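User: I'm new to this structure and would like a close look at one part of it. Could you walk me through the salt bridges, and then show me what else sits around them?

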Amino acid sequence: MELEQMTPRRPYLFRAFYDWILDNDLTPYIVVNTSVYGVLVPQEFIQNNQIVLNIAPQSVGQYLATNEQIEFNARFSGIPQHIVVPMAAIEAIYARENGVGMGFEDEPQYSIQSESLSSQPEQSKSKPNPFRVVK
């Protein structure tokens, strides 16, 4: 079976790192590419087509992670918001306290989705890495 025919790895790696970060009593943060179709976040907190979100259980409500997206309720400046982040938009997950985490590589399944769903130009692949990657 060709890679393009397989399900994306990102949801599985995301859930593993999320659990690992929580098991070590750290705070999971995600970096979201807000130009990906389907992202629902407060626009006023977006910088350079990115937003960093705290997804710790004590910071969010009604958290749900599927293979397609994560969604939850959170407060931004005291205002309740419903957040939706497609897996294709999650660029990284890391622990706030020490920066340890993982950046996600492009996967062909998401490239095909974004080409068909979004008319936005593809983001530059040479972005600075804001965290330490586990090797």
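Analyst: Here is a walk through the salt bridges, followed by a few other spots in the chain. Keep in mind that this is a predicted model, with every value computed from it.

Let's start with the count: there are three salt bridges.

Glu107 has a relative accessible area of 3%, which means it is buried.

The remaining bridge pairs Arg96 with Glu97, their closest N and O atoms being 3.2 Å apart. Arg96 is partly exposed at 45% relative accessible area, and Glu97 is partly exposed as well, at 39%. As for how the bridges connect, shared partners join Arg9, Glu105 and Glu107 into one network.

Now step along to Arg10, which has its place in helix H1. Arg10 and Glu91 are 81 residues apart in sequence, and their C-alpha atoms are 9.4 Å apart in space. Glu91 turns up again in another pairing: its side chain makes a polar contact with the side chain of Asn33, at 3.4 Å. Asn33 lies in strand S1, which covers residues 28-33. Asn33 is buried, since its relative accessible area is 9% and the cut-off is under 20%.

Back in the segment before helix H1 (10-23), you'll also find Met6. Met6 is partly exposed, with a relative accessible area of 41%. Together with Met1 and Leu3, Met6 forms a nonpolar patch on the surface, and the three share about 340 Å² of accessible area.

Finally, have a look at the sheet. Three strands form an open sheet in the order S3-S4-S5, with antiparallel pairing. Strand S3 (61-65) and strand S5 (79-86) stand at the edges with a single partner strand each, so one side of each has no neighbour in the sheet. On average, neighbouring strands here are turned by 20° against each other, direction ignored.

You can follow the strand pairs one at a time. S3 and S4 run antiparallel and are joined by three bridges; Leu64 stands opposite Glu71 in S4. A hairpin of three residues takes the chain from S3 to S4. Strand S4 (residues 69-76) is then joined to S5 by eight bridges, again antiparallel. In that pairing, Phe72 stands opposite Ile83 in S5.

How values were computed
Residues are numbered from 1 along each chain as its sequence is written. This is a predicted model: local features need pLDDT of at least 70, side-chain atom pairs count only at pLDDT 80 or more; totals for chains, interfaces and linings use all residues. Side-chain values use heavy atoms; hydrogens and water are left out. Helices (H or I, at least four residues) and strands (E, at least two) are DSSP runs, numbered from the N terminus. Buried means under 20% relative accessible area, exposed over 50%, partly exposed in between (1.4 Å probe, protein chains only). A polar contact is a pair of N or O atoms within 3.5 Å; within protein, one must be able to donate a hydrogen and the other to accept it, and residues adjacent in sequence count only if both atoms are side-chain atoms. Two strands pair if DSSP finds at least two bridges between them. Axes are lines fitted to C-alpha atoms, for helices over the stretch in contact, and angles run from 0 to 180 degrees between N-to-C directions. Patches are made of residues with over 30% relative accessible area and no salt bridge: like charges are joined within 9 Å, nonpolar side chains (Val, Leu, Ile, Met, Phe, Trp, Tyr) within 5 Å. Accessible areas come from the Shrake-Rupley method with a 1.4 Å probe; for residues, only the protein chains shown count as cover. A salt bridge is a side-chain nitrogen of Lys or Arg within 4 Å of a carboxyl oxygen of Asp or Glu.
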